[in-house]
Amino acid sequence: MQRIRLRYTKRGRLRFTSHRDFQRAFERALRRAEVPMAYSAGFTPHPKVSYANAAPTGTGSEAEYLEIALTAPRDPERLRVLLDASLPAGLDVIEAVEARTSGLADRLTASVWELRLDGVDPAEAERAVTAFNGAQAVEVQRLTKNGMRTFDARPAVVSLESVQAHSSAADRPTDQPCAILRLVVRHVTPAVRPDDVLSGLRAVADLAPPVPAAVTRLAQGLLDEETGTVTDPLAPDREAAAALPTADSAAAATAPA
């Protein structure tokens, strides 16, 4: 059984699709592309697709990941092209690799987010970021199915900084003044989301954007604790694939005649 790992995006209006909406669209794309999917056993078989840490509804993303299991081998790049053509614009499959290592989900330990705050002066945002970073604790509240929950959002935030507006990759560009924040956050329980950090900025510095923030996940992967950077979770699979021919050649050279 071959396993393929995919990186896909949620762009433009498609950022408003829920995870369930994407699942339905992706399973239709699998059928259109005639992918030889492996199916689960039982009375209601379903395609073997593993979704990893989906972005919240309403946020864009350049780095969503999933893994599929196939009953027959396929070229990853050819498969990527077919699936990308079968999905609506905005849900774009931009990378495919054959899974040659284990534990993709275990390598998704942090995310890099970009928050575009339209109508917010960059100096005001910088002041709020300084207050947030200097706080020992930042308590925020979130409504859950069990009622209102209060938790400290500060420990999950690896870094929060204000960046130049022209570097933004977020949705809804505008000519009006705006602030751009770059956020690196650990994947913890309970999950700390970008809107929790925005609530924290409001709590510690009274920062309240006049319109909802445009939020985009730029990357997710394994957090390098020394540098605070987030590494590419598909890199081990690419490296293993690149090393395979060398390993095969070495084995052939040492094999008995």
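**View 1. The largest nonpolar core holds 28 residues.** In this predicted model, six leucines touch the most other members of that core: Leu115, Leu117, Leu160, Leu181, Leu183 and Leu201. In soluble globular proteins, nonpolar side chains tend to be buried together.

**View 2. Leu181 and its contacts.** Neighbours within four places in sequence are left aside here. Leu181 is in contact with Leu115, Leu117, Leu160 and Leu201, among others. Its contacts also include Trp113, Ala125 and Val129. Glu114, Glu161 and Ser162 are in contact with Leu181 as well.

**View 3. A second, separate core has 22 residues.** Its members include Ile4, Leu6, Leu14 and Phe22. Phe22 returns in the aromatic views below.

**View 4. Gln2 in strand 1.** Strand 1 covers residues 2-10. Gln2 has a relative accessible area of 10%. Buried means under 20%, so Gln2 is buried. A polar atom of the Gln2 side chain lies 2.7 Å from the backbone nitrogen of Arg74. Not counting residues up to four places away in sequence, Gln2 touches Ile68, Ala69, Leu70, Ala72, Pro73, Arg74 and Glu98.

**View 5. Tyr8 and Phe22, a stacked pair.** The whole structure has three aromatic pairs. In the pair of Tyr8 and Phe22, the ring centres are 4.2 Å apart and the planes stand at 5 degrees, so the pair is stacked. Tyr8 lies in strand 1 and Phe22 in helix 1 (residues 19-32), so the pair ties together parts that are 14 residues apart in sequence. Both Tyr8 and Phe22 are buried.

**View 6. Phe22 and Tyr51, an edge-to-face pair.** Here the ring centres are 6.2 Å apart, and the planes are at 85 degrees, so the pair is edge-to-face. Tyr51 belongs to strand 2 (residues 49-52) and Phe22 to helix 1, so this pair ties together parts that are 29 residues apart in sequence. Phe22 counts as buried, at 3% relative accessibility. Tyr51, at 22%, counts as partly exposed.

**View 7. One aromatic cluster.** Tyr8, Phe22, Phe26 and Tyr51 form the cluster. Phe22 is stacked with Tyr8 and edge-to-face with Tyr51.

Technical notes: Residues numbered from 1 in each chain as written. Predicted model: local features only at pLDDT ≥ 70, side-chain atom pairs only at ≥ 80, totals over all residues. Heavy atoms only, no water. Core = buried A, V, L, I, M, F, W, Y, C linked by side-chain atoms within 4.5 Å. Buried < 20%, exposed > 50% of the residue type's maximum accessible area, 1.4 Å probe, protein only. Contact = heavy atoms within 4.5 Å. Helix = DSSP H or I, 4+ residues; strand = E, 2+ residues; numbered from the N terminus. Polar contact = N/O pair within 3.5 Å; in protein donor to acceptor, adjacent residues only side chain to side chain. Phe/Tyr/Trp six-rings, centres within 6.5 Å; stacked < 30°, edge-to-face > 60°.
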